[in-house]
Amino acid sequence: MTPKRPKGAGAFPKAVDSPAPQQADPATLYAALDLGTNSCRMLIAQPKGSQFHVVDSFSKSVQLGQGLESTGRLSRASMNRTISAMRICREKLHRHGVKRMRLVATEACRRALNGQHFVAQVRRETGLNLEIIRPEEEARLAVISCAPLVSVNTEQLLVVDIGGGSTELVWIDLTNVPKRERPRAIMRLHAGFKSDPGPFAAAKVVDWISVPLGVATLRDQFGDVEDDAARFALMSWFFEENLEAFAPSASAQSRKGFQIIGTSGTVTTVAASYLGLKRYDRTKVDGLRMTSDQIDAVIRDYLTLGPDGRRADPRIGRDRQALIMSGAAILQTLMRLWPTDRLSVADRGLREGLLYAQMSADGVLEDAPF
């Protein structure tokens with residue numbers, strides 16, 4: 001989640017930049033960049049055992065998808081903001097001498113009529129090769145990034161990635177996987193939802209869906225509704241309508257053996273609010289487990305606060321208050337459909353999935369499950 005912006009800051013917050021990047025052997029480094037509808041974020045890391053160690057990072061709100069709902073195109077201003085951010089990323093990559101990297105764009109570039117033109121402009125002005133990935137790959141990368149949070153007691157797993165422009169849901173059946181193998185079985189999905197697991201026990205992907213509604217696109221659908229509570233109810237209803245094609249929507253799910261893992265700024269903000277954090281602390285949020293009732297209580301509190309109260313609430317932050325209710329509408333809809341005592345909060349996502357996939361393909365992770 002973007003740190004709280006100081007008073008008097010401009011419309012777009014300064015980049016979140018690591019102050020003193022560590023020196024590392026360039027031959028060991030990997031980079032992953034995630035360009036979404038709202039943010040441009042990058043990690044530079046090196047393998048460390050079965051995980052990786054972050055050497056440098058970058059995050060900036062660029063609002064690439066601003067105006068996309070009404071025009072179908074990326075605006076000149078949003079593209080310029082984004083290219084400025086990517087120039088900073090280029091300098092970091094050059095400074096560290098990174099050669100292995102994957103730089104991807106998601107829903108905003110997928111939907112925009114000029115998405116490919118923008119990719120060419122990025123290459124021309126920064127030298128970076130940006131790749132627009134398909135929804136299935138976006139969902140798959142989010143899933144493998146969350147593998148360490150999968151409980152050995154989980155039999156049915158729902159991974160939810162609430163983005164700026166879309167929301168990915170993946171339902172996974174782990175009943176045929178030995179308990180201790182369940183997190184590793186999730187990691188093996190990096191090769192594809194229908195790939196051959198070889199001699200290993202397989203995690204079965206029951207269904208997955210990419211709904212073209214994220215925190216920004218859902219908010220924009222009902223921007224003309226002035227009443228706060230009415231707008232929230234409409235957003236919840238509209239998101240649920242878009243889940244009809246998702247197979248698990250037709251059946252109830254027992255809380256026993258069922259786990260949801262949520263990865264997004266929405267989920268981490270709700271978690272920070274539940275903990276009462278005035279300053280975001282990833283170590284307290286990542287891996288936190290919450291019940292449906294606890295999440296519902298936080299969202300009810302958001303509604304009671306109203307727009308002005310949310311804007312002034314340090315748990316939410318001025319940068320996120322404009323998007324938190326559309327994200328909360330998505331999250332509460334999922335909690336209503338599939339109540340759980342185990343929603344695991346993941347402060348991780350596409351970038352981490354990209355790093356895991358690259359390092360796994362090169363065989364540089366110890367005890368890797370591939």
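Student: Where in this predicted model is Asp-207 found, and what makes it count as buried?

Tutor: Asp-207 is found in strand β9, which covers residues 204–211. Its relative accessible area is 17%, and buried means under 20%, so Asp-207 is buried.

Student: Which residues is Asp-207 in contact with, leaving aside its neighbours within four places in sequence?

Tutor: With those neighbours left aside, Asp-207 is in contact with Leu-169, Val-170 and Trp-171, and also with Ala-245, Phe-246, Ala-247 and Pro-248.

Student: How do you know that Leu-213 is buried, and where does it lie?

Tutor: Leu-213 lies in the loop between β9 and α7 (215–221). Because its relative accessibility is 3% and the cut-off for buried is under 20%, Leu-213 counts as buried. Leaving aside neighbours within four places in sequence, its contacts include Gly-165, Ser-166, Thr-167, Phe-238, Phe-239 and Ile-330. The C-alpha atoms of Leu-213 and Gly-163 are separated by 8.2 Å, although these residues are 50 apart along the chain.

Student: Why is Ala-105 called buried?

Tutor: Ala-105, which is found in strand β5 (residues 100–105), has a relative accessible area of 0%; since buried means under 20%, Ala-105 is buried. Leaving aside neighbours within four places in sequence, Ala-105 is in contact with Leu-35, Leu-130, Glu-131, Ile-132 and Ile-133.

Student: What makes helix α5 mostly covered?

Tutor: Helix α5 spans residues 135–145, and nine of its eleven residues are buried. Among them are Glu-137, Glu-138 and Arg-140, as well as Ala-139, Leu-141 and Val-143.

Student: Why is α2 called oblique to α4?

Tutor: Two packed helices are described by the angle between their axes and the distance between the axes. Helix α2 (residues 76–96) and helix α4 (residues 115–126) pack at an angle of about 45 degrees, with their axes 10 Å apart. That angle makes α2 oblique to α4, because angles under 35 degrees count as roughly parallel and 65 to 115 as roughly perpendicular, over 145 as roughly antiparallel, and the rest as oblique. The crossing of α2 and α4 is right-handed. On the α2 side Met-79, Asn-80, Thr-82, Ile-83, Met-86, Arg-87 and Arg-90 take part, and they meet Phe-118, Gln-121, Val-122, Glu-125 and Thr-126 in α4. By class, this contact of α2 with α4 has five nonpolar, four polar and three charged residues.

Student: How many helices and strands does the chain have, and what percentage of its residues count as buried?

Tutor: The chain has 13 helices and twelve strands, and 53% of its 370 residues count as buried.

Conventions
Residues numbered from 1 in each chain as written. Predicted model: local features only at pLDDT ≥ 70, side-chain atom pairs only at ≥ 80, totals over all residues. Heavy atoms only, no water. Helix = DSSP H or I, 4+ residues; strand = E, 2+ residues; numbered from the N terminus. Buried < 20%, exposed > 50% of the residue type's maximum accessible area, 1.4 Å probe, protein only. Axes fitted to C-alpha atoms, helices over the stretch in contact; angles between N-to-C directions. Left-handed = near helix turned anticlockwise from the far one by under 90°. Contact = heavy atoms within 4.5 Å. Nonpolar A, V, L, I, M, F, W, Y, C, P; charged D, E, K, R; others polar.
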